[in-house]
Amino acid sequence: MKFLIAFATVIAVALAAPVDDRDAQVVRYDNDHKGIDGYNVAYETSNGINGNEQAELRSFGEDTAAIVVKGSYSYTGSDGQVYTVNYVADENGFQPEAAHIPRA
């Protein structure tokens, strides 16, 4: 009987353990590719990471055009808190914003 209780306890602890990031699976992936004009992407993984991104071709004058990207991603930190980062990548570079990122 003691063996059965010990075995059941070990199984319960193993099942309650968090998913190892190495074993995470993609559970949702949406991709709307618009050719040279841009794209929309969204994803979610089994370990709680998710994100989305939108991109569009923008003109910066007669001879200059570039893809401008806006998006966000979130994940659960080792402290159990969910962290979210919103960002823009444009002619001014990559610009992340989040409550946990210090500002200059």
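**Notes on a six-stranded sheet**

1. Helices (H or I, at least four residues) and strands (E, at least two) are DSSP runs, numbered from the N terminus. Please keep in mind that this is a predicted model: local features need pLDDT of at least 70, side-chain atom pairs count only at pLDDT 80 or more, and totals for chains, interfaces and linings use all residues. Residues are numbered from 1 along each chain as its sequence is written, and side-chain values use heavy atoms, with hydrogens and water left out.

2. Is Ser 74 buried or exposed? Ser 74 is buried, its relative accessible area being 9%. Here buried means under 20% relative accessible area, exposed over 50%, and partly exposed in between (1.4 Å probe, protein chains only). Setting aside neighbours within four places in sequence, Ser 74 has contacts (heavy atoms within 4.5 Å) with Gly 48, Ile 49, Asn 50, Val 82, Tyr 83 and Thr 84.

3. Stepping back to the chain, you will find one helix and six strands, running α-β-β-β-β-β-β from the N terminus. Of the 104 residues, 16% are buried. Among contacts between residues at least 6 apart in sequence, 11% join residues at least 24 apart.

4. The six strands make an open, antiparallel sheet in the order β1-β2-β3-β4-β5-β6; two strands pair if DSSP finds at least two bridges between them. The edges are β1 (26–33) and β6 (93–97), each with a single partner strand, so one side of each has no neighbour in the sheet. From one strand to the next, the twist averages 10°, using axes that are lines fitted to C-alpha atoms (for helices over the stretch in contact) and angles from 0 to 180 degrees between N-to-C directions.

5. How many bridges join β3 to β4? Ten bridges link these antiparallel strands, and Ser 59 stands opposite Ala 65 in β4.

6. Do look at Leu 57 as well, in strand β3 (residues 50–59). Leu 57 is partly exposed, at 38% relative accessible area. Together with Ile 36 and Ile 67, Leu 57 makes a nonpolar surface patch of about 280 Å². Patches are made of residues with over 30% relative accessible area and no salt bridge, like charges being joined within 9 Å and nonpolar side chains (Val, Leu, Ile, Met, Phe, Trp, Tyr) within 5 Å. A salt bridge is a side-chain nitrogen of Lys or Arg within 4 Å of a carboxyl oxygen of Asp or Glu.

7. Finally, the surface: the chain's accessible surface comes to about 8000 Å², with 56% belonging to carbon and sulfur atoms. Accessible areas come from the Shrake-Rupley method with a 1.4 Å probe; for residues, only the protein chains shown count as cover.
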